[in-house]
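Trainee: I'm new to this one and would like to learn how to read it. Could you walk me through it a piece at a time?

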Amino acid sequence: MVIRWGRLWPLPFIEMTLGEFTTVDPFKVVKVVESQVTLHRRHPLPRRAIKEECPPTRRCLYTPLKERNDLPPIQYDPVLCTRSNCRAILNPLCQVDYRAKFWVCNFCFQRNPFPAQYGAMTEQCQPAELIPQFSTIEYTIMRAQVPPPIFLFVIDTCMDEEELSSLKEAIQLSLSLLPPNALIGIITFGKMVAVHELGCDGCAKSYVFRGTKDLSGKQLQEMLGLTRQAPGQVPAPGAPGAMPGQVPRQQGPVNRFLQPLSSVDMYVTDLLGELQRDPWLVPQGKRALRSTGVALSVAVGLLECCYPGNGGRIMLFVGGPCSQGPGQVVNDDLKNPIRSHHDIEKDNAKYMKKAIKHYEALGVRAAANGHAVDIYSCALDQTGLAEMKFCPNNTGGHMVMGDSFNSSLFKQTYQRVFARNEKGELRMAFNATLEVKTSRELKVSGAIGPCVSLGVKSGCVAETEMGMGGTCQWKFCALTPSTTTAIFFEIVNQHGAPIPQGGRGCIQFITQYQHSSGQQRVRVVTVARNWADATANLYHISAGFDQDASAVLMARLAVFRAESDDGSDVLRWVDRMLIRLCQKFGEYSKDDQNSFRLAEHFSLYPQFMFHLRRSQFLQVFNNSPDETSFYRHMLNREDLTQSLIMMQPLLYSYSFNGPPEPVLLDSSSIQADRILLMDTFFQIVIFHGETIAQWRAAGYHKLPEYDNFRQLLEAPMTDAQEILQSRFPMPRYIDTDQGGSQARFLLSKVNPSQTHNNMYAYGGSMPVPQSSADGGAPVLTDDVSLQVFMDHLKKLAVSSTA
Amino acid sequence: MQVAGAYNPQQQLPNLTQQINSLSINGQPQQGPGQVKQPPPGPPQLFPQQGLQSNVQQPPQFQPAPGPGYRPPQQPQPVPGGFPPQIQSQHPFPPQSAGQPPQANGYAPQPQQQSYPPQQPQPQAGPPHLGPPGPGGYGVQSPPQPGGYMGPPNAGYPPQPQQPIQGQPQGANYFTGPPVAGPPGPGAPAPGQYGMPLAPGQYPRPPGPGGYQPNLPHAPSGPGVPQYPGMPGAGAAAGTKRLDPDQMPSAIGVMQEDQQSRGGVFQTNQRGLLPPLVTTKFLVEDHGNASPRFVRSTMYSIPAQPDMLKQTAVPFAIVVNPLDNPARDEQPISCVDLGPMGPVRCIRCKAYMSPLMQFIDGGRRFQCLLCKATTEVPPEYFQHLDHQGQRVDKWERPELCKGTYEFVATMEYCRNNALPKEPAFIFVLDVSYNNVKSGLVNLLCSHMKSLLENLPSHTPVGFITYNSKVHFYNIDSSLAQPQMVIVPDVADMFMPLLKGFLVPRAEAINAIDNLMNQIPAMFHDTKETDAVLGPAVQAGMEALKASERVGKLLLFHSTLPSSDLAPGKLKNREGDRRLLGTDKEKTVLTPQNTYYNNLGQECVGAGVAVELYLFNNAYIDVATIGQVARLTGGAVNKYQYFQADIDGPRIIGDLAYHLSRPVGFDAVMRVRTSTGVRPTDFHGHFLMQNTTDVELGAIDAGKAIAVEIKHDDKLTEDEGVFIQIALLYTTIFGQRRLRLHNLALNTCGQMADLYRNCELDTIINFLAKQAVSKSIDSTPQAIKEGVIARCAQMLATYRKQCANPSMPGQLILPECLKLLPLYVNCVLKNDAVAGTQELTPDDRSWMMYNLMTMGVGQTVHYFYPKLIPVSGPTAQLDNPLPIRCSRDKLSEDSAYILETGIYLFLWIGASVNPDWLQNIFGVSNLAQLNVEPITELPDVNSDESLRLRGFIRTLRTERQRHMRLTVVRQRDKMELVMNRFLVEDRTSDGHPSYVDFLCHMHKEIRGLLNQ
């Protein structure tokens, strides 16, 4: 395991500086990119979690399931510290007495004997978990075998024939991507909600519920005749050596709705084949009656009753907004458009609060049982993601937004959900619990990521909360290798126990999860950082600053706040944080704006903040609430690199002058004779400069003598394809010309260094970074440019009154 | 008369019997045979005269009761057997017997099968038998007796042969000549001893309640066999009978007589024409009045004065079978389509164009005879009048010349002003444990295809099954296999399917087949015992609503709905079964909650009828759940302890009849009458939300509605009373139609006219329905007394007002009502009216429901079962001759079929001919016959078997019900059950025999007369 910024243990640590932890909180970023977890939780937590006074504290990004090929296969249980309130796991940072067969827990300093099977251990012959390279280690718990994953498809049938058939195709295709032993279930909904019984001979059966009436888990259980299994009492697959797929069929009705794919494959194919559009007539001027809320409730209830505590996904496909019953986001009258940000601000969104309450409750229920909820929403209008977001956000499920189920965006994205690694295992994990253990001086104050708090208090829980706090454990119902959580720590001055100079602070991340193969696994990551003194060694501290990670963490915090606070408050808060950082780490003389300098590790940070402020994460203008929710959802779960792209898109320039080169995200990069490729994570924009576009329109690339032009045109496309191939969700691909309407995607992102306001004022005096004759294209906006922003920042940072 | 006193059959009867006996002894017939006017052949037309006593000479004996103190006989033991029957019927003699039989006392030989001496003709034998005995034959003997009997023919009856001379013209009265009160024969107890009535002292007060001594438990049959001198006949000889029931007016006789005299063509061209009896086979020619098959009135001459009607206590009611079919050889009902104009109606009362409308003003206007308003004739409908003032096209238009016809209804007569779609049939099948185990599910599914053949090919059908959940089936033919859609939320039922649930039968035949294979397989191992009835009905209703159709639900249900989760939960009230017959019985006969009533109303609102088929093994609360069927115009059918292998043919047969019967959906019936009378009470299965509209989810040919009509005002004698019954309904093909029945009745100023033009079967039908209707808010005792009192009043009024003066002790019965006491007794002992504790509340309720929808044709045999010999030389299965319903008529060496319309027994005498056994059952000895499992006769290849099976089939077809055949061997336990249907006998639970009851009735009448 690698920590991208501060490295792993045996290497010299720069990171954790020890300082006057009591007064000043140095920036400390422990960025654990490679390992595992992310936490995040919003709902019940008051935002006081983030106190204004508190400058950014120590925090990290943790990717629990980072794919690594160097992990040793360990098939035994981890050794735990015997102290009952510690239970940390043996790791390379522990002191080991090989002779006496004792180890000292590096968190609580308890002396623990090794279990008997470690008797043969010597210094030369160490168990894997003591070998320093294996500060990340994964245990496979053989005795607790869990059933294969569950996939419950919840399918909207209120869409036109073409959409529905594309969706059916996609789902049918996905069946072939699932492991044959996976349990699958199908729920369809429209005006009513039908739960399909699978594998019945001769007569297709389904249970139908009214779309306007919510059902509690208990009612559902009675109505479907389900027998509840005690949590954890999953059907044991016979002998450990049994094929993982051969989960013994349970007796009783439980399995009527959720059955192994292998046994109901044909049936499901037929079922999907015969699936019809919702037959109820939709009168002119009305929306189809769609009972998404109840459908989801039934799905959650079904899994809750049958397989509590077993990993599973509810995959919800919606083609429009929920228009009746609980979870309704709009009524069925087309006269009433679905709510906008404006409506929400004005408190004009009639159904929103109730709907949010409904979906949030569902999210909590699903999360409590370890089931993830994915939402695949494809419609031209909004579908209510803003209300439903809690389901995927709480459970770690996916949220995918597209225009049509018939688009490659949806098809590819959906297929990618079932991607497999080299071993042929699904790249997803289920029902994970992340536990964080810290040494005494550190406390966990919260997490932000696609998870919920498990509300487990322990000695390492801080009093202040950031994100979802008050716990040292979080539940991730689904994990992908890229799922990343932010975790926040606090340094505690324990009276009478000063932090020893030169000591190290340790953090252990323990992730237990259900592997897609049906194994229960535990991944343990242990990191340590040196303590540095902030007053004496500020340099150390600032040298350990990871501006990328810090920017992403800042974004998460800001988004977390934005969910509840007014947009302008959040912006002010972001500004204040930035100014404070500049004040602390900048070099300047008071009140002299021009003297301001930032160290190299900080140099890009203000620019990130600039783009964050302008980004769709904090600016809702021109976005629907659904889009905002979608963007924020992605920011909340992606890893560092992707998150950075989201905040500050990448821009490459292609020209005859040489190989493609990254260029500034600036309006000056727009040149007539260039092709630009912008990757905003959500969109890939290929932007042809004016001249290029003319040439293309004239068809030069079709002429053999202009083959080089053809190659130039193709180059960005090829690169775009590469990105499109690998990213989840698949970005929207936009091919446009300068001056075209789609060009707005690019123009809205670039730094407006030239606008209609300044292009004449500054005339040609603007520095032109490129050698091209004309200096970019003006952007018609009133937004401030980065230059103006920086000027202000400097002024405020050096101001003695700020 | 205050007879009201408790009529306690058990105790009193014996006394009565004795009285009768004693009286009759000397019975001299009052009339010579020749005098008697005999109406018809029917043997028993006699009327017992009550007074069996002699009118004449024996004043002392017979005391007309004035005296208060009726003294109980001292000796309890009457000699029951002793006296020969004394009842004298007045008309004992069939006219045909031309000669007067010489017999003096002819004790009328009722054909007994065995007990009587050979001389007597067999009554059953048909018409002829009547003849034999002279008038005197029946206890009445002496022709010469003056006052004796009058038996003037009814005007209505054409063929009266000879009228007795003396008879007053009124046809109906008979009185028997009371025989001279013969002194008791030797063996006979002295009157005094037995408390014979006659002695004045003895009977101080005949009727007084106190009069009867309670403690006299005489068995009717006393030891001593009296010899009656007077009775030469069998009575004496046989020595076993006291009062000979054969002397009493016999239902069989009346029917046969009527068949003889009235069979043939009946033309409805006059108003107030008394139709033949329902039992008579006749053809109707519709000449402006509705056929009696559709409408029967209790009387065809309506008193102009309301008081008169009140005085006679004869109910004025009509019983309508609006959708019945004409008989095979009759003309079909014409259907008139007036195009977009729609039916022509009276502007004021909205009556429909009918022969009752009179065109005036050159045909430009017409006057409605119901309300007298005149209405402009719509131009499209105008036609000139001929010289008689009739429209020229009168004979071309059914609505101007027929009593019964149909109109095609226009849009405004339709639900939501849209022409209807074809009505649908939905089979709603309970698939809980009981029904699966009993084999019902399997059975129904395997026969479904053939059952559906009874429906038109375009009729949509749908299937629902239910246990604790409700399952709908999608049988869209485009599906590879049927889909089952389960609605588990039974508390909030809705229709989950839009398409594919209701599919025209012919289109979905394969899917249905497929489904019918699946259903038994799906539920064969079910453990569910709950079945949610209410939601299942709702499901069907919602399904019909969703498809915007009306229709019918056939619900096959097995258990008391007791699920907590579903609405309509019922508690078991069977613990209260002891209540039947007591004043508290209504607590188990009324619904325990209103859920099912509300549901029924909702169904009617949606045009949905519910037919309940119940397969319970335990209490199911028919009283409550049957409300759904009652309000929607459905029926309750009960198959308790159902087992597919035994009862299979029965349910399948019943269903086939049900599905093939003509039916109308989403119907509204309205009865309009001419001014002066108006319909007040309605009895039957329907919903009434106001006072005029009878709303029906559906009505079929087998269902009748009784309507009581009352005077508003005086009528004029010459005008007549007009009734128009309009039924708006949707045919099974989805056409909206109006069926109209018009009936014109006479008005009369003379009470005698009324009595001459009564229809007893209809009266009984109505009285029974009225009694049943009352049983939910009155006590059985009160109801019974009410019926008896009413009956007594009818007869007493006649006696007082219409009959010739005669001895007060004589029982004189009007011709048309001479069977009234017999039938009233049958009604009172019928399970529907008087449930006893032997009956479960469920059975009682079921019977009550059944009765409420019966037409006159059904009630006749329901109250007085058909008993038909089927073995031996007398068996004529092609033209069966019923015999009287009495144990005495059963002969050991023969076999009989007894049929009530609901039950069907085959009684086999102990010494029946072994050949017959062999031919029918394939066994040679009765002991070898295991009767338990037999519900159908075995398929033995012999003529006799073929004939008998054919006969049974005919019976079932006539009834439109596959009555289960119960084989009863003489002296089997089952005989007890069957005995209950031998209605002329005394029953084990204390209901009086015919004879006893007649005596009681006589006493009541006397009481009234003496008031």
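Mentor: Let's start with a helix pair. In chain B, B:Val622, B:Ala623, B:Gly626, B:Gln627 and B:Arg630 of helix 14 meet B:Asp842, B:Ser845, B:Trp846 and B:Tyr849 of helix 20. Contact means heavy atoms within 4.5 Å. Helices (H or I, at least four residues) and strands (E, at least two) are DSSP runs, numbered from the N terminus.

Trainee: What classes do the residues of the contact of helix 14 of chain B with helix 20 of chain B divide into?

Mentor: They divide into 4 nonpolar, 3 polar and 2 charged. Ala, Val, Leu, Ile, Met, Phe, Trp, Tyr, Cys and Pro count as nonpolar, Asp, Glu, Lys and Arg as charged, and the others, Gly among them, as polar.

Trainee: Before we go on, what kind of model is this?

Mentor: It's a predicted model, where local features need pLDDT of at least 70, side-chain atom pairs count only at pLDDT 80 or more, and totals for chains, interfaces and linings use all residues. Residues are numbered from 1 along each chain as its sequence is written, chains are lettered from A and ligands numbered from 1 in the order in which they are written, and side-chain values use heavy atoms, with hydrogens and water left out.

Trainee: At what angle do helix 14 and helix 20 of chain B cross?

Mentor: Axes are lines fitted to C-alpha atoms, for helices over the stretch in contact, and angles run from 0 to 180 degrees between N-to-C directions. Here helix 14 (residues 622-632) and helix 20 (residues 841-853) of chain B cross at roughly 20 degrees, and their axes come within 9 Å. Angles under 35 degrees count as roughly parallel, over 145 as roughly antiparallel, 65 to 115 as roughly perpendicular and the rest as oblique. Helix 14 of chain B and helix 20 of chain B are therefore roughly parallel.

Trainee: Is the crossing of helix 14 and helix 20 of chain B left-handed or right-handed?

Mentor: A crossing is left-handed if the near helix is turned anticlockwise from the far one by less than a right angle, and right-handed if clockwise. Helix 14 of chain B passes helix 20 of chain B in a right-handed crossing.

Trainee: Now chain A. How do helix 11 and helix 15 of chain A pack?

Mentor: Helix 11 (residues 547-562) and helix 15 (residues 640-647) of chain A pack at about 70 degrees, with axes 10 Å apart. That makes helix 11 of chain A roughly perpendicular to helix 15 of chain A. Their crossing is left-handed. On helix 11 of chain A, the residues in contact include A:Ala551 and A:Val552, and on helix 15 of chain A they include A:Leu640 and A:Leu644. By class, this contact of helix 11 with helix 15 of chain A has 7 nonpolar, 1 polar and 1 charged residues.

Trainee: And how do helix 13 and helix 19 of chain A cross?

Mentor: Helix 13 (residues 605-614) and helix 19 (residues 786-798) of chain A cross at roughly 120 degrees, and their axes come within 11 Å. Helix 13 and helix 19 of chain A are therefore oblique to each other. The contact is made by A:Pro606, A:Gln607, A:Phe610 and A:Arg613 of helix 13 and A:Leu786, A:Phe789, A:Met790 and A:Leu793 of helix 19.

Trainee: Which domain does UniProt give for residues 546-644 of chain A?

Mentor: UniProt positions are given in the numbering used here, feature names are shortened, and annotations may be inferred rather than shown by experiment. For that span, the unreviewed UniProt entry has "domain: Sec23/Sec24 helical". In the model, residues 546-644 of chain A are 64% helix and 0% strand. UniProt also places "domain: Gelsolin-like" (unreviewed entry) at residues 660-746 of chain A, a span that is 37% helix and 23% strand.

Trainee: What is the mean pLDDT of chain A?

Mentor: pLDDT is the predictor's confidence in each residue, from 0 to 100. Chain A has a mean of 81, and chain B averages 77. Over residues 1-241 of chain B, pLDDT stays under 50.
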